[in-house]
Amino acid sequence: MTDHLLFSNIDEPGLRTIDVYERRGGYGSLRKALATPREELIETLKGSGLRGRGGAGFPMGLKASFLPKGDMQKYVVVNADESEPGTFKDRELMQKNPHQLIEGIVIAAYAVDATISFIYIRGEYVHQADVLEAAIAEAYERGYLGENVLGSGFTLSLAVHRGAGAYICGEETGLLDSLEGKRGNPRLKPPFPANQGLFQGPTLINNVETLSTLPHIVELGSERYAEIGVQNSAGTKLISVSGQVRNPGNFEIELGMSSREIIFGLAGGTFEGREIKLWFPGGSSSPVLTKDDLDLPYDFDTMAKAGTMLGSGAIIVVDDSTSVVDVALKVATFYAHESCGKCTPCREGTSWTRKMLTRVKDGSATPMDLDIMASVQERIIGNCLCVLGDAMAMPIGSMIAKFRGEFEDHIERVRAEQERAILAGVSG
Amino acid sequence: MPRPIREMVTFTLDGREVTAPESTMLVDAALEYGDVEIPVFCYEPKIGPPVGACRMCLVEIEGVPKLQAGCSVPVKDGMIVHTNTPRVKEAQEGVVEFLLINHPLDCPVCDKGGECPLQDKSFGWGSGISRTVEPKRHFEKPLALSPLIAIDRERCIMCYRCVRFSQEVSEDHQLVLQERGADTFVTTFDGHPYVAPFSGNIIELCPVGALTSRPYRFRARPWDIEQAGSICMLCPAQCNVSFTVRDERVLRVLQRDHEGVDNGWLCDKGRFAYQAIHVDERVTEPLIRDGGTLRAVPWELALETAAAALRRAGGRVAALAGGETTNEEGFLLQSLVRDALGSPDVDSRRGGTLPLELHRALVAPALQASVPDLQYAHAVLVLDTEPVDDIPILDLRIRRGVRHQGVRLFVATSRPSSLDDRARGIVRYAPGAGEAFLAALDAALTGEGDVDALAGAAGADADAVRRLADGLRDAGEEVVVLWGERLTAGPRGADAARALLNVAARLGLAGRDGAGLLEVPSAANGRGLREVGVLPNAGPGLCEPSAEGRDADGIAAAAAAGEIAALYLLHTDPLLDQPSRRAWGAALEKASTVIAHAAFLTEGIAEHATVVFPAESHAEKEGTVVHPDGRVQRLRRAIGRQGDVRGEWQVLAELAARLGADPRVLTASMVSQRLFDAVPFYAGLTLDEIGGRGVRWPEREQAGALPTAALGPFALEAPPAAATANGRLRLGAFRSIWAAPEVAASPALSFLRPLQRAELSPADAERLGLRHGERVVVASNGHSVSALVHLRQAAPEGSVFLESGIAEHSAANLDGPLVEVRRA
Amino acid sequence: MAIDPTDVPRFAHGSRIPGWDESADLEKSPLEVPDPATTHVPDDLRAEIEAHVAKYPPDHSRSATIPALWAIQRRYGWCTPEGIEQAACVLRLTPAELSAVATFYDMLDTSPTERNRVYVCTNISCSLRGADELLETFREHAEGEPDVHVRGFECLGACDIAPMASVNGTYVGPLDADDVPTLLRQLRDGEEPLPEKQLARRPSADPKAREPQS
Ligand SMILES: Cc1cc2nc3c(=O)[nH]c(=O)nc-3n(C[C@H](O)[C@H](O)[C@H](O)COP(=O)(O)O)c2cc1C
Ligand code: SF4
Ligand code: FES
């Protein structure tokens, strides 16, 4: 059984063109899907065990089955916002194998009977958006998109919608508002997008990687796909490894691989003489793990059990040359900057945390501030409109809990340095 | 559209069982049915569905892992809710703490202090201690958001109410949030002020002191004011208001939420024109003309002068009542003129009366739509009226129906409407061609008659008329036609009214719940005045009068011809209110006596009145009025009468007594009682029953006492074709919301006083070689007004629209139907 | 890995946020949806925006808001008030609605900005590999460059080439201090930025992906 599906042939020259993609057997799965009754196709997706690759890990087939049946206009929206720090896998998929994604979109749209689809891509990905647009034009030309796809009677339009720089537009309802031309504020849920999504119509929204997997599931069949990976974490997953490792990049793994093997085996491990201090297993919003956790298998359930999450599959490695204070401040600064401002705990809590951490950094905080900060994280978690607030509060909370000593030492040290400097100034 | 009928469900609230209508939001159900307050900030159902932004209302629901926002969870049977567990308390303390991190806590100098939800909620649900040492944001404050509203951004807690109002209620989309996260702020585009007909509502919506009224700022504190509920009389919408009073002065006007009237909103005229009550220009003592100028005199002299003049006139008297006249005053007026002076000439309409039959038909209970019907109908047709100008608050009601209930809106007007953007279908017809348009619509609905020819006569697009007919038919059974009185003005008014009844008949509106006609009278109490007999051809209760008199146009002509010696003007200046300024100029000139009740010396009064009685403001008045949908509402005195002002009912009664027909009324409520006795369909009403919410008489049993009338369909002759322009333009007149003496007199609002502008289509402008903003002369028959060109893409080719109801360069100076427009 | 308060020009760091201190100009009239009869919109701009509108279902032209703002920014260099009014006129929205959207997004500029935009990623993965120093170097060298706008940016989704930058949308990295003057010169001369360091040309890091499978 291969552990390379999405990334197979990824560097083949010209793979992004429809000719090469077709030569590699591309769009074969679509033909197969179009010949399958919708309900059966959804069963296949359910049976595959595929969980969403965007961060929340919700079973893809189940979500597709939530869309109501009937004549109403339905939509498929592809989440290509990829803004979670440390995550860059969708970028490579779109840039190098756009037709794999398009094929997945058409399969998904056919399955839920949607006739209009959009790819919402972050505005920073200019090149990737251009590649997608070219590929979409090719797909229209060959009849994979547009009216009467491959003579099946099924119709689908697909367009690229470029964002303009806002992390919150990766949150699915913020994305929908943004796609509707509004500020990208998340919406109250319920109603969920499956019932009332884009333009109030039932909408299936999935991550790029999730949808790029569909052609492979259709090709292999649900059983064979489900055999890849481990219990509750079927299939292969793209992992973006970055930070203080020798060989950062995207790797396709079979879920359940040991974390150590990913970080050391694939990404080349830490630099000479360095040890891992902490690592984020699923983007900067996942609670941090330490070097003691390196032997954990990398899958959804294990990560959850370890008190963190697999998230988007972005591992960020921080070695012992870096202060945890800096890491925490970076994280808080990012989320404070990206909070949309709609709900109170997130808007105020993220910026307050950032301010407190700034004081920790410059030594003007006290250990009591660390307690306040920890309690502020508690007051954010679970109380916001969407989970952006949690995305800061969870890792910050975990850092304070796991590295409290280092925070306190830092405050001490900076204080002492400042005192020395003042004394030096007085005496000199 | 059927209004939701809701079953009752039972849920558990803090260990007690509470029963509430299904799908009520938890916070409402808890408060109304369980007497438990769950604190809220962003939740305001008047605005629209909940947004769940502030997170103040978090509660614990068994079986749901996360705390839930009670503002957005509908109650369900068997639900178990906790609002006071340690977890909930911790979360609520958290939200209060977060909200106060950046809030300046400058309560001692804040207008909102003492009536501030943030204060109350911090006290009730906050921890009382601050853990933050971070400096708070500091900004310049307060800043002007508009001439009426100040904004203090430090105080804002980002509840979104104000911007949601602008986006979702008034739909003016001028007030927005900019930037993101903690930097987000409320603002407008590029420094433009937030000026819109309903802008003032955001002051009341703001749960903190971030948005304050500039006219009210620092005038009072909550503990030295009183609230007095009454009715706004500045337009037919008759919104329910509450006057904030301090030392017998009105300092502020707030909404007094009435679902059947205003939904808790006010327009800026109603909200800010209270200033006109206390300005120096207001007439507060009786005046008589003495050697060309009006001079203050004692009441006795004024009354005797008036009585003597009326006596002298010997029956050659005519009276007009304007919109602010109450039912009681109108009743006494017609009685004075008819019984004491023996003249049949009284009117309250603009541009002529209708046959009595039609007056009765148009108020027939079977045909009356109510205000909420606008919100729940399948379709609404806005016909020959611009709600935002003529009855502003209904503009919001229509928008709400379209936005939240999916009401299909159609607009048929001459002038482009601000509702066009929300309409499924629009028909434009030539100014004054309402009758022909309705005939065309009738033909399209029945399939009989020549739609093309009739639409052609109306200057309308026949296909648009057909689409409208289809649209109305397809929408569903409940159709509400909101139509403007001006449709039935003028010599062919009766034909237009019959054409309207025909359309109502084709649509089957009579007797259908949720459907019907809703007239927008041209004056605030227009409907009431007709019902109490201020019509030349109807007495109280729309009964037949002993003699039929002349209508307003007839009175003007007769007065100009010297047939009328004395004119009695109750709250009206015909130069501003009547369609032809010149006819009335001549009439006033010729009449030897002009007696007026007026609050301001507008042109006609200042130049022609011989006796002026100071008029009460609506905050000083007592009595009743009738809302356009038949709701009898009650005015209550909020403040003592200013200066030497007397109750006008007293003045009218006193004059009648002096003229030998003492109505024998000693108190205001006695007048009301006499009125209820005199109008059969009001029979049995009492002021107590009317109370603060009003009573819709068409829904009462006594409504059957209205004499019946044929409701159509009628066989009609072909309507005349609208004038063809050949080089000239058709003149359309409109009266903006701001064209009112109270607006001009209120310092805070005077910046909104309209200046004449000529609205033109780009095609006409090009043909005439005119540019936007250029000064032009609009002329007909040797008369002209000056205006600035205002291009509008949506303006129909061939017409020009001018403002009436303004002091200078009013459209009423011109005769129409065709005018010439040329560069000044 | 210090935090530079001026790093991200969204002003999250200080308490003085542009706009917060601004009063409305009471001399101006309120701004509603611009009337096509009185708003000049260049034909090609109108056509461009209308082409975007056509990508969305009928009645949902509002979806073209971000594309229209991009069109304005390309044309005028930033989202100018005039440009916003023009777009608002085509989309039948108020300019306020467009400004609410424009200011929400980091890449849309609502104040005058140099045309060449260099976004240096300073988020965690890049800063673990020297991004903050790199940004400093950029700032120093770009001082006085007339047409270059350098700013720190949140994670650009290219942590594999950390530290990196987006140069007018082209991703380049890993960058070192020496690349900075080269890059600025290339911008001045209108050349492609650092061709050999462009992400678009980079093979995958996954060893197995690199060997073509059958
Ligand atoms: C703050 C926030 C940011 C997110 N950003 C992304 C993102 O950039 N890309 C993505 O695919 N999902 C993102 N998500 C997850 C989406 O909300 C959603 O779960 C996902 O698009 C569903 O697709 P999937 O089921 O295929 O994973 C984000 C969620 C949150 C709360
Ligand atoms: S100004 Fe007032 S109403 Fe508007 S968001 Fe702020 S607190 Fe809410
Ligand atoms: S009142 Fe419920 S979230 Fe604001």
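Mentor: Gladly, starting with a definition: buried means under 20% relative accessible area, exposed over 50%, and partly exposed in between (1.4 Å probe, protein chains only). This is a predicted model, where local features need pLDDT of at least 70 and side-chain atom pairs count only at pLDDT 80 or more, while totals for chains, interfaces and linings use all residues. Residues are numbered from 1 along each chain as its sequence is written, chains are lettered from A in the order in which they are written, and side-chain values use heavy atoms, without hydrogens and water.

Trainee: Why is A:Phe58 called partly exposed?

Mentor: A:Phe58 has a relative accessible area of 36%, and that lies between 20% and 50%, so the label is partly exposed. A:Phe58 sits in the loop between α3 (38-48) and α4 (60-66) of chain A.

Trainee: And why does C:Glu140 count as exposed?

Mentor: Its relative accessibility is 53%, which is over 50%, so C:Glu140 is exposed. This glutamate belongs to helix α6 (residues 131-142) of chain C; helices are DSSP runs of H or I with at least four residues, numbered from the N terminus.

Trainee: What makes a nonpolar core?

Mentor: Buried Ala, Val, Leu, Ile, Met, Phe, Trp, Tyr and Cys residues joined through side-chain atoms within 4.5 Å. The largest has 168 residues, and A:Phe280, A:Met399, A:Phe407 and C:Tyr105 have the most contacts inside it. Helix α6 (residues 98-112) of chain A gives the most to this core, ten residues. A second, separate core of 91 residues includes B:Phe198 and B:Leu234.

Trainee: How much of chain C is buried?

Mentor: Of its 214 residues, 59% count as buried.

Definitions and conventions:
Helices (H or I, at least four residues) and strands (E, at least two) are DSSP runs, numbered from the N terminus.
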